[in-house]
2 protein chains.
Amino acid sequence: MTFIINEKEKIISNYINSITMENPQLIKHPNIPLVYQKNRNKQNVPILCGGGSGHEPAHIGYVGKGMLNAALFGDIFVPPSTEDILEAIHFLDSGKGVFIIIKNFEADINSFRKAIDIARKRGHQVKYVISHDDISIEPKKKFQIRGKGLAGTILLHKILGYYAQNGSDLNELEAIGFELSTQIATIGFATKSATLPKTLSPLFDLNCNEISYGIGIHGEEGYRTAEFQSSEVLANEIINKLKMHYHWEERDKYILLVNNLGTATDLEMGNFLNDIVQLLEIEGIDLKFIKTGKFMTSLDMAGISVTLCRASNLEWIEGLQSATDAFAW
Amino acid sequence: MTFIINEKEKIISNYINSITMENPQLIKHPNIPLVYQKNRNKQNVPILCGGGSGHEPAHIGYVGKGMLNAALFGDIFVPPSTEDILEAIHFLDSGKGVFIIIKNFEADINSFRKAIDIARKRGHQVKYVISHDDISIEPKKKFQIRGKGLAGTILLHKILGYYAQNGSDLNELEAIGFELSTQIATIGFATKSATLPKTLSPLFDLNCNEISYGIGIHGEEGYRTAEFQSSEVLANEIINKLKMHYHWEERDKYILLVNNLGTATDLEMGNFLNDIVQLLEIEGIDLKFIKTGKFMTSLDMAGISVTLCRASNLEWIEGLQSATDAFAW
């Protein structure tokens with residue numbers, strides 16, 4: 001495995017440089033690890049997200065009109081610090097407060113919670129939503145549901161971004177965010193573990209021709225390892241898990257996001273999407289929105305995740321279809 | 001290596017299914033391997049491209065407003081047949097003729113040349129441009145310049161699509177296409193060969209931590225194998241080859257397209273782009289347009305190619321910046 005990089009300490013700063021080079025609508029803050037919109041509408045509540053690097057294009061790829069106003073980034077798999085989050089809140093708040101989307105990982109929650117506490121004491125209005133769409137189970141923790149924040153987080157970015165752009169205030173965003181976050185579920189699989197660029201070591205072991213079901217995005221192993229048979233068999237297992245979660249009925253309306261976890265090819269993404277949609281059609285599900293792409297990766301992991309969201313409000317579909325200049329949507 | 005597919009015979013048809021499923025603005029022709037725009041403006045000259053599969057998102061990803069009107073696809077690395085091309089010309093011609101963009105590969109040229117000959121005899125006005133941006137050399141053929149069609153082809157799609165949308169006729173498109181095609185040069189490298197999904201065998205051998213410079217997109221080996229040192233060393237070699245080709249001078253205007261050949265990560269793409277742009281800045285090159293992404297792949301090859309185009313006409317930049325709904329631009 002070769003990573004096309006220079007000094008390992010500069011992977012992230014060089015990447016950020018390339019992003020602002022190619023996207024003149026984005027600006028890197030001079031003092032903190034924050035990328036923000038050049039021309040943001042200060043009449044709307046700004047939406048901030050953040051997290052460790054290694055999940056590109058998340059979250060910087062979602063900074064743009066009708067999505068995030070800014071995204072904080074940490075080192076690989078390390079969330080931004082409390083100080084940086086605090087500084088970002090201070091920077092973004094033009095009197096409308098700040099709304100934050102947080103992925104449910106212990107380190108992230110710690111950093112953001114402390115920053116929000118301090119910011120509120122300093123007079124900033126801050127509300128947030130926690131993204132916890134991962135419905136995989138943790139074999140090492142008595143098969144508890146993992147509940148981490150995965151690719152479903154991107155649906156929060158897009159739909160909340162749409163509401164914020166249309167003038168929703170902090171309390172409205174909090175209510176919509178809460179409702180949305182409870183309707184989203186994600187589960188995926190990998191055929192190859194991610195490799196850490198600094199050590200060039202894989203995050204878990206998987207033999208050639210083996211699948212790990214229910215992996216996370218930081219090297220969390222799946223709940224089961226099996227031999228690869230076909231895309232259809234994979235799709236079946238994934239849809240069964242989602243069905244157990246939702247207990248859906250025929251004609252229920254859903255949003256579908258199929259996410260490339262790193263190095264799946266377009267041919268694989270298409271073949272797998274085809275199987276997923278066919279199975280959902282057999283279930284009688286009414287798919288209101290389908291999108292596939294590379295939204296939330298785990299470095300060079302080869303794998304795919306499937307996110308569904310029960311479309312309990314059809315305005316969410318309008319939100320997903322509305323225009324944005326965020327480069328990764 | 002695992003490919004997430006079902007029956008190997010259905011890889012392409014399942015992929016095409018997924019594309020029209022996700023992109024309702026695209027239609028699969030019922031009888032031939034052609035994907036075309038649902039609502040095309042029949043007042044403009046239609047632009048057609050085509051080639052083997054295995055290069056996704058090329059070329060279907062470029063069918064859309066202001067780019068291609070339609071794209072033909074073959075099996076993996078196999079161009080469409082003369083009969084299918086002929087049928088596509090017949091289908092697209094609404095009296096304005098048909099303009100075709102052909103990648104310079106022997107089998108492609110054969111199929112397209114025969115189809116164009118027959119179509120002309122049947123009364124269709126057909127003009128074409130041959131994309132030949134590959135400036136790598138063929139060690140097995142006395143180090144001749146390879147001259148195949150690589151990622152630079154996508155610049156032809158976008159710029160010619162812009163002119164066609166603005167009313168250029170067949171002769172104008174031919175003249176612009178010819179001028180453009182001679183200004184584009186591409187060269188790349190790989191850290192891992194592509195694997196054929198049908199046999200699961202790599203197309204050439206490369207040890208871990210080795211680079212092959214100047215590879216093609218159908219398994220053509222590079223002109224030199226070297227140990228990986230850094231992104232900067234790679235960028236230096238690539239820029240030197242491009243400089244030898246162009247003999248540029250300070251303040252010359254160029255377009256830059258950095259292409260993910262398959263499974264490079266976004267972090268690698270960004271780090272490498274950063275090095276390429278820095279080196280071009282040192283050369284004093286005036287970069288008028290920068291774009292990076294997955295434009296023309298070779299299955300799961302890990303590698304990156306660099307395309308430059310001398311911006312001898314600044315209207316080309318407007319063409320590149322103009323809006324399109326093609327999903328891969």
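Colleague: How are residues, chains and ligands labelled, and which residues count?
Modeller: Residues are numbered from 1 along each chain as its sequence is written, while chains are lettered from A and ligands numbered from 1 in the order in which they are written. Because the model is predicted, local features need pLDDT of at least 70, side-chain atom pairs count only at pLDDT 80 or more, totals for chains, interfaces and linings use all residues, and side-chain values use heavy atoms, with hydrogens and water left out.

Colleague: How many helices and strands does chain A have?
Modeller: Helices (H or I, at least four residues) and strands (E, at least two) are DSSP runs, numbered from the N terminus. On that basis, chain A comes to eight helices and 14 strands.

Colleague: Why is chain A called as compact as a globular protein of its length?
Modeller: The globule rule is 2.2 Å times the number of residues to the power 0.38, and the radius of gyration is taken over C-alpha atoms. For 329 residues the rule gives 20 Å, so chain A is as compact as a globular protein of that length, with a radius of gyration of 19 Å.

Colleague: What share of chain A counts as buried?
Modeller: Buried means under 20% relative accessible area, exposed over 50%, and partly exposed in between (1.4 Å probe, protein chains only). Of the 329 residues of chain A, the buried share is 63%.

Colleague: What share of the contacts in chain A join residues at least 24 apart?
Modeller: Contact means heavy atoms within 4.5 Å. Among contacts between residues at least 6 apart in sequence, the share is 72%.

Colleague: How far apart are the centres of the positive and negative side chains in chain A?
Modeller: Lys and Arg count as positive, Asp and Glu as negative; His and the chain ends are not counted. Each charge is placed at NZ of Lys, CZ of Arg, CG of Asp or CD of Glu. With 32 positive and 39 negative side chains, the centres of the two sets lie apart by 6 Å.

Colleague: Which strands of chain A pair with β14(A)?
Modeller: Two strands pair if DSSP finds at least two bridges between them. β14(A) covers residues 302–310, and eight of its nine residues are buried. A:Thr186 stands opposite A:Thr307, and A:Leu256 has A:Leu308 as its bridge partner. Both pairings are antiparallel, with eight bridges to β9 (residues 184–192) and seven to β12 (residues 253–260).

Colleague: Is β5(B) enclosed or open, by how many buried residues?
Modeller: B:Val98, B:Ile100 and B:Ile102 are buried on one side, and B:Phe99, B:Ile101 and B:Lys103 on the other. Strand β5 of chain B (residues 98–103) is therefore largely enclosed by the rest of the structure, its buried residues being six of six.

Colleague: Which residue stands opposite B:Ile101?
Modeller: β5(B) pairs in the parallel sense with β3(B), residues 47–53, over three bridges. Six bridges join β5(B) to β6(B), residues 126–131, also running parallel. In β6(B), the residue opposite B:Ile101 is B:Val129.

Colleague: Is B:Ser111 buried or exposed?
Modeller: B:Ser111 lies in helix α3 of chain B, residues 106–121. Among the residues it touches are B:Pro79, B:Pro80 and B:Ile85, not counting residues up to four places away in sequence. At a relative accessible area of 11%, B:Ser111 is buried.

Colleague: What does B:Gln144 count as at 48% relative accessibility?
Modeller: B:Gln144 lies in strand β8 of chain B, residues 144–145. B:Gln144 touches B:Ser136, B:Ile137 and B:Glu138, not counting residues up to four places away in sequence. At 48%, B:Gln144 counts as partly exposed.
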